Amino acid sequence: MRPILTITDVSKTYATGFTALRRVNLEVNRGEIFALLGPNGAGKTTLIGIVCGIVNASAGRVLVDGHDIVRDYRRARAMIGLVPQELSTNAFETVFSTVSFSRGLFGKPPDPAYVERVLRSLSLWEKKDSRILALSGGMKRRVLIAKALAHEPTLLFLDEPTAGVDVELRRDMWALVRELKASGVTIILTTHYIEEAEEMADRIGVIHRGEIILVEEKTQLLRKLGKKQLTLHLEAPLAGVPAQLAGYALTLSADGWALTYTYDDTQSERASIVTLLKDLEAGGIRFKDLQTRQSSLEDIFVDLVRDNS
């Protein structure tokens with residue numbers, strides 16, 4: 001099965017000379033949730049803008065389900081839904097009218113029943129006759145999502161969709177994302193809430209300074225790059241790490257009451273923990289408690305960006 005989105009050697013240099021993207025190559029699989037992570041200014045929004053036809057690439061090619069976004073613009077764009085960061089819509093239209101109008105822009109016939117389903121899924125049905133002007137910021141965000149779904153896209157971009165919204169909307173939106181994925185919609189997500197990407201995404205891509213520095217299936221990424229930490233809470237404080245334990249690269253807490261051992265989750269590394277505990281006992285170092293911690297996606301992201309700075 002061919003990917004639904006293929007980005008090949010895409011670059012973007014603005015008139016000022018600033019290069020936002022450098023030869024980006026990326027494939028997104030049909031039906032997956034793909035999280036694109038990166039710090040502010042990394043190029044996430046520029047890349048989304050190029051795929052959606054809002055920004056012109058300086059070089060490269062983008063295919064949406066085999067359709068070139070430049071040469072076959074109408075067919076490619078009709079497959080894409082975009083929920084942008086900015087709240088921008090006609091303030092004097094009603095909710096139902098603006099969502100229906102968005103559907104018509106893509107040549108879809110009127111379908112009040114479908115629009116109703118979308119509005120109900122976003123808890124907007126009771127506001128269907130309200131003007132956008134009268135809505136709260138959270139409700140306006142819901143309208144943007146409804147507009148993006150109005151023409152039944154197969155590829156949906158969510159560009160920081162939960163930034164500044166309430167907990168209720170965030171919960172509703174992720175429930176909707178799961179439903180959309182189950183129906184076959186491919187979702188590309190950018191977010192500053194990395195725990196959302198960790199919960200929702202099938203694969204993770206990291207972009208930094210306009211370049212894709214990593215693309216990996218989420219569970220594999222956590223397995224390969226994630227670290228585990230074993231912290232031993234001691235019965236008596238230490239002034240320093242004993243010389244006989246120097247080979248373990250242990251970290252002693254500032255107060256001397258805890259030793260931390262960082263390791264990879266491999267069989268050999270796990271075996272070394274047994275040896276460590278024996279060496280602690282042989283050295284007369286006793287502990288009263290221990291705990292383990294697994295690196296989160298946020299830890300991995302911070303390390304990747306720091307290493308590539």
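# Reading a helix pair, cavities and pockets

Author: In this predicted model, helix α3 (residues 95-105) and helix α5 (residues 137-149) have axes that come within 8 Å and cross at roughly 30°.

Reader: How is a pair of packed helices described?

Author: Two packed helices are described by the angle between their axes and by the distance between those axes. Here the angle is roughly 30°. Angles under 35 degrees count as roughly parallel, so α3 is roughly parallel to α5.

Reader: Is the crossing of α3 and α5 left-handed or right-handed?

Author: The crossing in which α3 passes α5 is right-handed.

Reader: Which residues of α3 and α5 make the contact?

Author: On the α3 side they are V95, T98, V99 and S102. On the α5 side they are V143, A146 and K147. Sorted by class, this contact has four nonpolar residues, two polar residues and one charged residue.

Reader: Next, empty space. What is the general idea?

Author: Rolling a probe the size of a water molecule over the atoms shows where empty space is left. A cavity is space where the probe fits but cannot get out, whereas a pocket is open.

Reader: How many cavities of 30 Å³ or more are there?

Author: The count is two cavities of 30 Å³ or more.

Reader: Which residues line the largest cavity?

Author: Its lining is made of L5, I7, L26, F34, L36, L47, I48, V51, F157 and I188. The elements that give two or more residues to this lining are β1 (5-13), β3 (33-37) and α1 (44-51). The largest share, three residues, comes from α1. By class, the lining has 10 nonpolar residues, with no polar and no charged ones.

Reader: What lines the second largest cavity?

Author: The residues around the second largest cavity are I145, L156, L158, M173, L176, V177 and L180. At least two of the lining residues come from each of β7 (155-159) and α6 (167-182). The most come from α6, with four residues. This lining divides into seven nonpolar residues, no polar and no charged.

Reader: How does the lining of the largest pocket divide by class?

Author: There are 12 nonpolar, six polar and four charged residues in the lining of the largest pocket. Recall that the lining of the largest cavity has no polar and no charged residues.

Reader: What is the volume of the second largest pocket, and what lines this pocket?

Author: The second largest pocket has a volume of about 270 Å³. Of its 14 lining residues, those closest to the centre are Y114, V118, L176, L180 and S183. Two or more residues of the lining come from each of α4 (112-121) and α6. Here α4 gives the most, with four residues. By class, this lining has seven nonpolar, four polar and three charged residues.

Conventions:
Residues numbered from 1 in each chain as written. Predicted model: local features only at pLDDT ≥ 70, side-chain atom pairs only at ≥ 80, totals over all residues. Heavy atoms only, no water. Axes fitted to C-alpha atoms, helices over the stretch in contact; angles between N-to-C directions. Parallel < 35°, antiparallel > 145°, perpendicular 65-115°, else oblique. Left-handed = near helix turned anticlockwise from the far one by under 90°. Contact = heavy atoms within 4.5 Å. Nonpolar A, V, L, I, M, F, W, Y, C, P; charged D, E, K, R; others polar. 1 Å grid on protein atoms, 1.4 Å probe; cavity = no way out; pocket = protein on both sides within 12 Å on 5 of 7 lines; lining within 4 Å. Points joined across faces, edges and corners; volume = space filled by probe spheres on them.
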